[in-house]
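Please read the following report alongside the sequence and the coordinates of the model.

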Amino acid sequence: MNLRVLLVEDDPELRTTLREVMRVEGYEVAPAASLADARTQFSHAQAQGQERRAFDLVVLDLGLPDGEGRDFLATVRHQSACPVLIVSARHDDSQKIGLLDAGADDYLVKPFSAGELLARMRVALRHRGRRIESALTCFSGHGVEIDLARRAVVRDGRPVHLTPNELTLLAALVRNTGRVVTHRQLLSEVWGPGHAADTHYLRLYMAQLRAKLEAEPANPQLLLTETGVGYRLAEER
Ligand code: CA
């Protein structure tokens with residue numbers, strides 16, 4: 001059965017392009033051009049006994065003719081665990097952080113390539129599956145093997161020693177492989193909610209992790225910086 005995507009985008013040209021890109025990949029796409037349209041389609045699909053299945057993923061533009069995409073994100077989060085991928089022309093970092101902390105799965109800034117969009121969609125869908133089953137506990141890529149259950153990290157075949165804080169930080173990124181994790185989320189997880197503003201901790205620990213795991217720590221391929229927002233553990237493409 002094909003995965004169902006609710007595509008909320010008011011620009012007709014972009015909506016058609018994105019819809020085609022997704023359809024070629026085998027997604028079943030329901031386009032919505034406004035907030036009201038998105039709300040109606042989403043609640044109909046959620047309602048029990050409907051012949052249409054619930055959506056597997058929402059791709060959401062922020063600026064819509066009848067309101068803010070952000071309000072629809074809240075609606076989705078109240079009703080389901082369906083992942084939400086934000087696509088927007090806006091670059092504002094604090095807004096990105098707010099959306100991710102409010103439960104968006106990821107954020108793509110326009111213009112983006114079809115390949116980039118499809119990769120982010122796959123990551124978001126995989127994490128939705130994992131939320132239901134079990135958390136992601138292993139990672140392999142860029143010469144690094146991580147097994148969280150065994151607390152084992154290996155680089156180029158050699159064991160790497162990590163401190164408890166380094167391992168907790170790395171674990172938070174592994175569980176979200178491919179997705180951006182905000183500074184606040186990482187700080188709360190490793191040092192507790194009282195330290196959510198201490199971003200200098202992160203810079204320090206990320207530098208230590210890169211020194212231990214990256215071939216070229218100054219040019220990281222594994223532990224990526226999302227400027228002003230957070231960090232992302234890169235999947236090998
Ligand atoms: Ca728009």
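This is a predicted model: local features need pLDDT of at least 70, side-chain atom pairs count only at pLDDT 80 or more; totals for chains, interfaces and linings use all residues.

Residues are numbered from 1 along each chain as its sequence is written, and side-chain values use heavy atoms, with hydrogens and water left out.

**Nonpolar cores**

A nonpolar core is here a set of buried Ala, Val, Leu, Ile, Met, Phe, Trp, Tyr and Cys residues joined through side-chain atoms within 4.5 Å; buried means under 20% relative accessible area, exposed over 50%, and partly exposed in between, with a 1.4 Å probe and protein chains only. The largest such core has 28 residues, and those with the most contacts inside it are Val-153, Leu-170, Leu-213 and Leu-223. Two or more residues each come from β9 (144-147), α6 (164-174), α7 (183-191), α8 (199-213) and β14 (230-233), and α6 provides the largest share, seven residues. Helices (H or I, at least four residues) and strands (E, at least two) are DSSP runs, numbered from the N terminus.

If residues up to four places away in sequence are not counted, Val-153 touches, among others, Val-144, Ile-146, Leu-167, Leu-170 and Leu-213, where contact means heavy atoms within 4.5 Å. A second, separate core of 23 residues includes Ala-38, Val-76, Cys-82 and Tyr-107.

**Two helix pairs**

Axes are lines fitted to C-alpha atoms, for helices over the stretch in contact, and angles run from 0 to 180 degrees between N-to-C directions. Angles under 35 degrees count as roughly parallel, over 145 as roughly antiparallel, 65 to 115 as roughly perpendicular and the rest as oblique.

| Helix pair | Angle between axes | Distance between axes |
|---|---|---|
| α2 and α3 | about 10° | 10 Å |
| α7 and α8 | roughly 80° | within 10 Å |

Helices α2 and α3 are therefore roughly parallel to each other. In this pair Leu-35, Ala-38, Arg-39, Phe-42, Ser-43 and Gln-46 of α2 meet Gly-69, Asp-71, Phe-72, Thr-75, Val-76 and Gln-79 of α3. By class, the contact has five nonpolar, five polar and two charged residues, with Ala, Val, Leu, Ile, Met, Phe, Trp, Tyr, Cys and Pro taken as nonpolar, Asp, Glu, Lys and Arg as charged, and the others, Gly among them, as polar.

The crossing of α7 and α8, at roughly 80°, makes α7 roughly perpendicular to α8. Here His-183, Leu-186, Leu-187 and Trp-191 of α7 make the contact with Thr-199, Tyr-201, Leu-202 and Tyr-205 of α8, and these residues divide into six nonpolar, two polar and no charged.

**The calcium site**

The protein donors of the calcium ion are Asp-10 (OD), Asp-61 (OD) and Gly-63 (O), which lie 2.1 to 2.4 Å from the ion. Donors are N, O and S atoms within 2.8 Å of the metal (3.2 Å for Na, K and Ca), and sites may look incomplete because water is not among the atoms. Asp-61 is buried, with a relative accessible area of 5%, whereas Gly-63 is partly exposed at 27%.

**Two loop residues**

Pro-83 sits in the loop between α3 (69-79) and β6 (84-88) and counts as buried, at 0% relative accessibility. Gly-143 lies in the loop between β8 (138-141) and β9 and, at 37% relative accessibility, counts as partly exposed. Leaving aside neighbours within four places in sequence, Gly-143 is in contact with Val-154, Arg-155 and Asp-156.
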